[in-house]
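Me: I would like to go through this model and ask what stands behind the terms used for it. Please set each value against its definition.

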Amino acid sequence: MEGYKPIELNGDQMKGERSLWTQCQVVSDMKFTYVVSCQLYGIQKRSGDQRAQDILRLMTTYPSLRVAYIDEVEEPSKDRSKKINDKVYYSTLVKAALPKSNSSEPGQNLDQVIYRIKLPGPAILGEGKPENQNHAIIFTRGEGLQTIDMNQDNYMEEALKMRNLLQEFLKKHDVRHPSILGLREHIFTGSVSSLAWFMSNQETSFVTIGQRLLANPLK
């Protein structure tokens, strides 16, 4: 890989702090970042919801994981005639604040704010899922961005497509390289009920076929 130093396999490195696994983990962290958008995480923390503890446990287990959520804060109104507080909304990105290894005091794992961006108002104006993804895009970096729904978790067959999908960005289609690449979502729950079958056909008609039809005018 151009730009990276080769990893030497000797006994000192395997036993020391910069072992082979540590170096591979560093390279992986530089190339990949996982941002999970959970818009209700702030509300769950304030209410003491168990799901907030589950999210914090995931961030502690996987230190490279980042969670983006919409934080709702009450601040004093700028209008002095009003005695009520105004609700202010922030897009917030957090990570797990792991305790220091050399610290002898037992500390509690908490989340740490990385970025905090003030919003002009409530972020959820339309459908929840696309708005949830849109407010978290600003926290992503890199040459490629993949958005995936949570119900596609551990879908091994979809992961096998990634190599071919990334190659499409290197090919010039007509006048330029593509910037957005979409692929059909395999809805494997379509045979559960008549409603699921209807939603599966709706996804195929209004999303897959519709996007392919609009692809030509957008070129």
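**Sheet and confidence**

Me: What is the bridge partner of Val-35 in β2?

Reply: Val-35 has Arg-66 as its bridge partner in β2. The model is a predicted one.

Me: What makes β1 and β2 a pair?

Reply: Two strands count as paired if DSSP finds at least two bridges between them. Four bridges join β1 to β2 (residues 65-76), so the pair meets the cut-off of at least two. The two strands run parallel.

Me: How do you know that β2 pairs with β3?

Reply: Ten bridges join β2 to β3 (residues 85-97), and at least two are needed, so these strands pair. They run antiparallel. One of the bridges links Pro-76 to Asn-85 in β3.

Me: What makes β3 and β4 a pair?

Reply: Eight bridges join β3 to β4; the cut-off is at least two, so this is a pair as well. The direction is antiparallel, and Val-94 stands opposite Val-113 in β4.

Me: Why is the pairing in the sheet called mixed?

Reply: Strands of a sheet pair either parallel or antiparallel. Here β1 and β2 run parallel, whereas β2 and β3 run antiparallel, as do β3 and β4. The pairing of the four strands is accordingly mixed.

Me: What makes β1 and β4 edge strands?

Reply: The open sheet has the order β1-β2-β3-β4. Both β1 (34-37) and β4 (110-118) pair on one side only. From one strand to the next, the twist averages 40°.

Me: Which elements of the protein have the lowest and the highest mean pLDDT?

Reply: Helix α1 (residues 11-15) has the lowest mean pLDDT, 54, and helix α4 (residues 50-61) the highest, 90. On the scale from 0 to 100, pLDDT is the predictor's confidence in each residue. For the protein the mean is 77, and 80% of its residues reach 70 or more.

Me: How many helices and strands does the protein have, and in what order?

Reply: There are eight helices and four strands. Starting at the N terminus, the elements follow the order α-α-β-α-α-β-β-β-α-α-α-α.

Me: What percentage of the residues is buried?

Reply: Buried means under 20% relative accessible area. Of the 219 residues in the protein, 20% are buried. The accessible surface comes to about 17700 Å², and 56% of that belongs to carbon and sulfur atoms.

How values were computed: Residues numbered from 1 in each chain as written. Predicted model: local features only at pLDDT ≥ 70, side-chain atom pairs only at ≥ 80, totals over all residues. Heavy atoms only, no water. Axes fitted to C-alpha atoms, helices over the stretch in contact; angles between N-to-C directions. Buried < 20%, exposed > 50% of the residue type's maximum accessible area, 1.4 Å probe, protein only. Areas by Shrake-Rupley, 256 points an atom, 1.4 Å probe, with all protein chains shown as cover.
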